[in-house]
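Morning, everyone. Have a look at the model while I talk.

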Amino acid sequence: FSAPAAPVILPGEVDTTAAFAASTFPISPSDLINRAKQVLSPEIGIGTKDAGACLAADFEFVAAVVGPIGREEYLDALGGFKLEESFDIEQNTFGFTVDPLQPNRVWWYGRQISTQIAPFMGAEPSTDSSTELTLPPQSFHMDFNEEGLVKEFGFYTVDRRQGNTGGLGGAFGYFYGVGKPLPIRECQPYKPSFKFRMLGLIGKIGKKLSKKE
């Protein structure tokens, strides 16, 4: 392998410089990334530590199976549900970037690793100090309005085969990781439906029959 001397530009790759130059959104990409990090800081905690001052009136939270839920419902839900009281959490965020096709949105990744330090959902911390919850990699996004207030926050698992929480991210990963998964399908590790498994089986049979002809 020999790395190309010049940057490789793919067909259809967005010209980010031109896209940002044409943008009418008033906050620059670098300032927007800094604002996202500010909102994520322990002092603000995406609205949970500043009484929602960073959130727009039309704020929505949305994840893979949760939401969208509005500002007040979001604050009420997280006000009584504080993971940091039961876990020592390393967020391991990286890759902050502004979407050139939606210049009010910041994307980033996180690979959370957590150690339980207090009871959670009736589960006591493990006596094995080496026990950790490793969530799968997750993609996060945060949308802002022109005043720098958060309009939307959400996240999605991007590789369910990694980690030890059954491929589940967010709070569902913690429920599963301590052995207290909620008794609903969405809080269980992914399992193909019967119809999907049968479709795969039919495909395999068809492939074998075509080889015999």
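A definition to begin with: two strands count as paired if DSSP finds at least two bridges between them. Strands themselves are DSSP runs of E, at least two residues, and helices are runs of H or I, at least four, numbered from the N terminus.

The ground rules, quickly. This is a predicted model, where local features need pLDDT of at least 70, side-chain atom pairs count only at pLDDT 80 or more, and totals for chains, interfaces and linings use all residues. Residues are numbered from 1 along each chain as its sequence is written, and side-chain values use heavy atoms, with hydrogens and water left out.

Confidence next. pLDDT is the predictor's confidence in each residue, from 0 to 100. The protein chain has a mean of 89, and 96% of its residues reach 70 or more. Among the elements, strand S5, residues 105-110, has the highest mean, 98. Helix H5, residues 194-212, has the lowest, 76.

Stay with S5. Strand S4, residues 93-98, pairs with S5 over four bridges, antiparallel. A hairpin of six residues connects S4 to S5. Across that pairing, Thr97 faces Trp107. S5 is also joined to strand S8, residues 138-144, by six bridges, again antiparallel. There, Arg105 stands opposite Asp143.

Now a separate item: an open sheet of three strands, in the order S3-S6-S7, with antiparallel pairing. Strand S3 (87-90) and strand S7 (133-134) are at the edges with a single partner strand each, so one side of each has no neighbour in the sheet. S6, residues 113-116, meets S7 over two bridges. Ile113 is opposite Thr134 in that pairing.

On to the rings. Rings of Phe, Tyr and Trp, the last by its six-membered ring, pair if their centres lie within 6.5 Å; planes under 30 degrees apart are stacked, over 60 edge-to-face, and the rest tilted. The structure holds 15 aromatic pairs. Take Phe96 and Trp108: their centres are 5.3 Å apart and their planes at 10°, so this pair is stacked. The pair links distant parts of the chain, with Phe96 in S4 and Trp108 in S5, 12 residues apart.

Is Trp108 buried or exposed? Buried means under 20% relative accessible area, exposed over 50%, and partly exposed in between, using a 1.4 Å probe and protein chains only. Trp108 has 2%, so it is buried.

Compare Phe172 and Phe175. Their ring centres are 6.4 Å apart and the planes at 35°, so that pair is tilted. The two sit three residues apart in helix H4, residues 170-177, which means about one helical turn between them. Phe172 is buried at 17%. Phe175 is buried at 7%.

Back to Phe96. Phe96 and Trp108 belong to one aromatic cluster, whose other members include Tyr74, Phe140 and Phe155. Lys37 lies over the face of Phe96, 4.9 Å from the ring centre. The criterion there is NZ of Lys or CZ of Arg within 6 Å of the ring centre and within 35 degrees of the ring normal.

Last, the backbone. Which phi does Ala51 have? A positive one, about 60°, although Ala51 is not a glycine. Ala51 is in the loop between helix H2 (29-40) and strand S1 (55-63), and is exposed at 70%. Asn92 also has a positive phi, about 50°. Asn92 is in the loop between S3 and S4, and is partly exposed at 34%.
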